Amino acid sequence: MSQQPLEKPRILLLLPTRTYRATDFLEAALKLDVEVVVASEEAATTADLSPRQSLVLDITAPTVATQTILEFADTYPITAIVGVDDDTTLLATTASAALGLPHNPVASAKATRDKYRLRDTLATNGVSVPAYQRFSIYEDPAEIVGVGNVIQGMDLVYPQTKSPNPYGTDTRVNFPCVIKPLSLSASRGVIRADTPAEFVEAFQRTTKLLHALQEATEITSQEDTSQYLLVEDYIPGIEVALEGILLDGELKTLALFDKPDPLEGPFFEETLYITPSRLSADIQDTLHHATAEAASALGMQHGPVHAELRYNDEGAHLIEIAARTIGGLCSRTLRFGTGMSLEELVIRHAIGQPVEALQREQQAAGVMMIPVPKAGILGEVRGKTAAYHVDGIVEVSITIPIGGEVVPLPEGARYLGFIFARAETPEAVEAALREAHRRLEFVILP
């Protein structure tokens, strides 16, 4: 078939049906006057925002989906492919490679989607990582920690033949440790364990979650990452998030977010993100270099980077890195130049426009991801008007509808919503977010 003339850039946006990101990316594309093709698992329902073209793809099957994209591009040439979240990074990379568009190596995309492969790749390339192991979800967790399999409630009964030390020499893991599914995001299924008893409980709980997701077909993988768990040493320290973009392999840090609430477990529910960081310039440089080192070790060269790191007396430690922008609605905290959104910056870079000189606005900003206090059905949200009246609050977005199910971590995958604030200082932003949250009341029914 003959190709349609390309009068202006045409981008393919990979938008999973469950993403929070559709509106912000589509609005950014329309602002830039680029033609948009929306690709999702279902027919597009965003006709009011997106132009006429759309594709229905199985995002979990990159090889098949790439072929569909190639056939489409034969008629409608594509300037760039943008994956908006974790589920789309591998397909975006695979399809970009097939079309000869700028992209990261496919191996790096696979590594960022598999926590065990990520640790393996980093370690192989000389990047310091915590001690880590991979275990099948079908293993007996009591045997892993060397305490037999006799359990009363959740208290382990140690056989008399074992060492009286409950952390005895037969354990195959160190304590404290963290148990993680290989491919889930947003701290889902991530649990800290300080003792063998806690390890057994955490292992069983995360395994139960993976089985439930398999049955609901919420997770699928050609390499079956859902059959394994990663267990790694717990890294103490403060936690931050770094938002950046790779320009021909060079990392440009766009923003560094402090996470003022301690994330010490047993679950790791993120709440506050505040920027600019209040850490010293030296520490911020260390965090930048640690992220750049990890990206280089993975072979990443192009496009957005979102990294989670910890910092302690021993320096910076990478927790996660992904070839995408920050998740949820959190990107709304960021503005560049004269008000450019993060999504617009990413699209500009994807279509070859310069972004090197763009800097984040000077005003402090932050977001609170509203935690789920308990499981149930959301019956009512009170105090939203009062929350808006807090100085500095610019948006309160409740993203679970009334009547919707709410599930806390570690099983849950969604926050109740997001609160956004802007002020002259990070301290004022943090205070505004905490006060606005205090004024909200969520009625959760059994």
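## Strands, a helix contact and one arginine

Arginine 134 is found in strand β5 (residues 132–136), where helices (H or I, at least four residues) and strands (E, at least two) are DSSP runs, numbered from the N terminus. This is a predicted model, in which local features need pLDDT of at least 70 and side-chain atom pairs count only at pLDDT 80 or more, while totals for chains, interfaces and linings use all residues. Residues are numbered from 1 along each chain as its sequence is written, and side-chain values use heavy atoms, with hydrogens and water left out.

With a relative accessible area of 37%, arginine 134 is partly exposed, a class lying between buried (under 20% relative accessible area) and exposed (over 50%), computed with a 1.4 Å probe on protein chains only. Leaving aside residues up to four places away in sequence, arginine 134 touches Tyr116, Leu182, Tyr228 and Leu229, contact meaning heavy atoms within 4.5 Å. Its C-alpha atom is separated by 9.5 Å from that of lysine 115, which is 19 residues apart from arginine 134 along the chain.

Strand β18 (residues 364–370) is mostly covered, since seven of its seven residues are buried. Ala364, Gly366, Met368 and Ile370 point one way from β18, whereas Ala365, Val367 and Met369 point the other way.

| Strand | Partner strand | Bridges and direction |
|---|---|---|
| β13 (residues 272–275) | β18 | Four bridges, antiparallel |
| β18 | β22 (residues 417–423) | Seven bridges, antiparallel |
| β19 (residues 376–382) | β21 | Two bridges, antiparallel |

Within these pairings, leucine 272 has methionine 368 of β18 as its bridge partner, alanine 365 stands opposite arginine 422 in β22, and isoleucine 377 has glutamate 405 of β21 as its bridge partner. Three strands form an open sheet in the order β21-β19-β23, with antiparallel pairing; its edge strands are β21 (405–406) and β23 (441–445), each of which pairs on one side only.

Helix α5 (residues 115–124) and helix α8 (residues 281–298) pack with their axes 9 Å apart and at an angle of about 95 degrees, and α5 and α8 are therefore roughly perpendicular to each other, a term covering angles of 65 to 115 degrees. Leu118, Thr121 and Leu122 of α5 make the contact with Ala294, Ala297 and Leu298 of α8.

Methods. Pairing = 2+ DSSP bridges. Axes fitted to C-alpha atoms, helices over the stretch in contact; angles between N-to-C directions. Parallel < 35°, antiparallel > 145°, perpendicular 65-115°, else oblique.
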